[in-house]
Amino acid sequence: MNTLSYKTVSANAKTVNKQWVVVDAQGEILGRLSSKIAMIIRGKNKPEYTPHVDCGDNVIVINADKVKLTGNKLGDKRYISYTGYPGGQRFISPKELLAKHPKRVIEKAVRGMLPKTKLGAKLYTNLFVYAGAEHPHAAQSPKTITL
């Protein structure tokens, strides 16, 4: 066997093949959906995955307002934010967040599953979440996948 014929291929910005993907969140469980979306954004579902390169796809999530949370998480779970002032710690439940800003629930879940680095911030820009069934990315001709 000729071992010189096997080369480790490392992706870079020029060789990466980025695609557009649509995911329907209607009736899906938040955590399971978010982990699969994070894997697609990161590019771990591709054979040419390289950890330090943005080699994932652009993901469009529709029907974000129809996502489900199991158990009592809808009322018991808390998202914490801090205003920067003394006594400025704020809490909001997923039920309240879905009523005010339905797309932020999926954005927060996916962002927490991406790396906490400059690359993670860049990968996060490849996520597009919409509360309804319509999205403005028809020109990119995205393909619909089921997770």
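**View 1. Hairpin of strands β3 and β4 in a predicted model.** Strands β3 (residues 79-82) and β4 (residues 89-92) run antiparallel and are joined by four bridges; strands pair if DSSP finds at least two bridges between them. Strands are DSSP runs (E, at least two residues), as helices are (H or I, at least four), numbered from the N terminus. Opposite Tyr 79 stands Ile 92 in β4. Six residues lie between the strands of this hairpin, where Gly 84 has a positive phi near 100 degrees. Residue numbers start from 1 along each chain as its sequence is written. In this predicted model, local features need pLDDT of at least 70 and side-chain atom pairs pLDDT 80 or more, while totals for chains, interfaces and linings use all residues, and side-chain values use heavy atoms, without hydrogens and water.

**View 2. The one aromatic pair of the structure.** Ring centres of Trp 20 and Phe 128 are 5.3 Å apart and the planes are at 25 degrees, so the pair is stacked (centres of Phe, Tyr or Trp six-membered rings within 6.5 Å; planes under 30 degrees apart stacked, over 60 edge-to-face, the rest tilted). Trp 20 belongs to strand β1 (residues 20-24) and Phe 128 to strand β5 (residues 127-129), 108 residues apart.

**View 3. The largest nonpolar core.** This core has 28 residues, and Ile 106 and Leu 127 have the most contacts inside it (buried, under 20% relative accessible area with a 1.4 Å probe, protein chains only; Ala, Val, Leu, Ile, Met, Phe, Trp, Tyr and Cys joined through side-chain atoms within 4.5 Å). Helix α1 gives the most, six residues.

Notes
Buried < 20%, exposed > 50% of the residue type's maximum accessible area, 1.4 Å probe, protein only.
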